[in-house]
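Subject: Structure handover

Hello,

Here is the structure I said I would pass on.

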Amino acid sequence: MTLKTKPFSEQVALVTGGGTGIGRAFAEALTAAGARVFIASRRRDALETAAAEINERVGSERVFTYAFDVRERGQCEALVGHVTERFGSLDVLVNNSGLAVPETVEEITEEGWETVLTTNLKGAMWLVRAALPGMAAREFGDIVNVSSQAGKHGYADVPSYCASKWGLLGFAESVRDHVRKTGANVRVFNFCPGLVDVEHTGADAEPRPGFVHVSNMAKTLMYALSLDRNVVLEDINIYAR
Ligand SMILES: NC(=O)c1ccc[n+]([C@@H]2O[C@H](COP(=O)([O-])OP(=O)(O)OC[C@H]3O[C@@H](n4cnc5c(N)ncnc54)[C@H](OP(=O)(O)O)[C@@H]3O)[C@@H](O)[C@H]2O)c1
């Protein structure tokens with residue numbers, strides 16, 4: 001069976017947390033490849049600044065902004081609806097929004113646990129829940145989840161973060177099984193980065209010891225997306241030696 005393909009120039013991507021750090025590097029790479037990219041998070045000013053800078057670099061309006069809170073189901077659904085109404089499709093969903101609340105297991109609070117689990121796990125689930133039917137119907141889509149090495153190993157200072165990132169991998173595995181069983185032309189990629197330097201991001205900047213330069217995340221994303229549609233690429237473990 002031949003699976004549908006689409007050049008990046010015809011693809012529409014949504015990168016949550018795309019105004020900063022890893023998400024911004026993803027948005028830059030997707031835009032450079034020709035895609036139209038929505039970046040979405042809470043801080044409108046960070047989104048606008050990033051979009052203006054990227055658009056200036058590529059010389060056309062290819063990055064678009066949307067302010068939303070991934071913890072709210074209704075806002076996740078409205079975001080997916082907005083993107084698909086504006087451009088007719090949502091081809092690449094990047095679940096990148098995330099945060100940590102450092103609380104050891106003896107310090108965990110209801111608020112800290114809820115904030116981390118809802119932002120990193122439940123929000124990604126609502127976005128996939130909203131985006132997947134359209135991807136299946138249009139017979140094309142990619143879902144990219146930014147988990148962490150903290151989704152593979154437990155760390156005493158961030159148990160809620162570890163639980164959320166392990167949970168994200170488990171959810172992603174279920175989505176992968178679902179698209180395999182339903183025959184949907186949708187791939188699922190999981191990033192499990194170690195430390196990524198999101199402060200020294202210039203092309204020539206030296207990452208801090210123990211960190212990888214954020215450009216390696218972007219290069220790896222574009223490599224993963226370039227693979228044949230029938231390829232399953234298991235979790236991408238990427239970290240500095
Ligand atoms: N940097 C690392 O070493 C590293 C390693 C492993 C995994 N990660 C993961 O990589 C992802 C990106 O992190 P980063 O390092 O690039 O840090 P970052 O710059 O702080 O990015 C996190 C993004 O998440 C967004 N966000 C947070 N809460 C949100 C909410 N309620 N609704 C919508 N968006 C929200 C933030 O935007 P707003 O504040 O505007 O909402 C921000 O753009 C995260 O999932 C993180 O866990 C990072």
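This is a predicted model: local features need pLDDT of at least 70, side-chain atom pairs count only at pLDDT 80 or more; totals for chains, interfaces and linings use all residues.

Overall build

The protein has 6 helices and 9 strands. Its C-alpha trace spans about 50 × 45 × 35 Å along the principal axes. The radius of gyration is 17 Å, which agrees with the value near 18 Å that a compact globule of 241 residues would have. Of the 241 residues, 41% count as buried. Taking contacts between residues at least 6 apart in sequence, 68% join residues at least 24 apart.

Around the ligand

There are 25 residues around the ligand, and those that come nearest are Gly17, Gly21, Ser41, Arg42 and Gly98. By type, the shell divides into 9 nonpolar, 12 polar and 4 charged residues. Helix H1, residues 21-32, gives the most to this shell, with 3 residues.

In soluble globular proteins, nonpolar side chains tend to be buried together. Here the largest nonpolar core has 57 residues, and Phe26, Ile39 and Leu93 have the most contacts inside it. Helix H4, residues 110-138, supplies the largest share of this core, 9 residues. Apart from this core lies another, of 5 residues, including Ala100, Val116, Tyr161 and Cys162.

What does Ile39 touch, leaving aside its neighbours within four places in sequence? Ile39 is in contact with Val15, Gly18, Gly19, Gly23, Ala27, Leu47, Ala50, Ala51, Val63 and Thr65.

Helix H5

Helix H5 runs over residues 159-182, 24 residues in number. From its first C-alpha to its last, H5 reaches 35 Å, close to the 34 Å expected at 1.5 Å a residue. The buried residues of H5 are Pro159, Ser160, Tyr161, Cys162, Ser164, Lys165, Leu168, Phe171 and Ala172. An α-helix has 3.6 residues a turn, so residues three or four places apart point the same way. The buried residues of H5 are covered by parts that include H4, strand S5 (141-146) and strand S6 (186-193). After H5 comes Gly183, with a positive phi near 80°.

Glu139 is in the loop between H4 and S5. Most residues other than glycine have a negative phi. Phi of Glu139, in contrast, is positive, near 60°.

Glu10 is found in the segment before strand S1 (12-16). With 15 C-beta neighbours inside 10 Å, Glu10 also counts as partly exposed. Its C-alpha atom is separated by 7.8 Å from that of Gly34, a residue 24 places away along the chain.

Glu199 and Gly21 are 178 residues apart in sequence, yet 7.6 Å apart in space, C-alpha to C-alpha. Gly21 is also one of the residues that come nearest to the ligand.

Regards

Note on methods:
Residues are numbered from 1 along each chain as its sequence is written. A residue is near a molecule or strand if its C-beta atom, placed from the backbone, lies within 6 Å of it. Helices (H or I, at least four residues) and strands (E, at least two) are DSSP runs, numbered from the N terminus. Ala, Val, Leu, Ile, Met, Phe, Trp, Tyr, Cys and Pro count as nonpolar, Asp, Glu, Lys and Arg as charged, and the others, Gly among them, as polar. A nonpolar core is a set of buried Ala, Val, Leu, Ile, Met, Phe, Trp, Tyr and Cys residues joined through C-beta atoms within 7 Å. A residue is buried if 20 or more other C-beta atoms lie within 10 Å of its own, exposed if 12 or fewer, and partly exposed in between; C-beta atoms are placed from the backbone. Two residues are in contact if their C-beta atoms, placed from the backbone, lie within 7 Å. The expected span of a helix is 1.5 Å times one less than its number of residues. The radius of gyration is taken over C-alpha atoms; the globule rule is 2.2 Å times the number of residues to the power 0.38.
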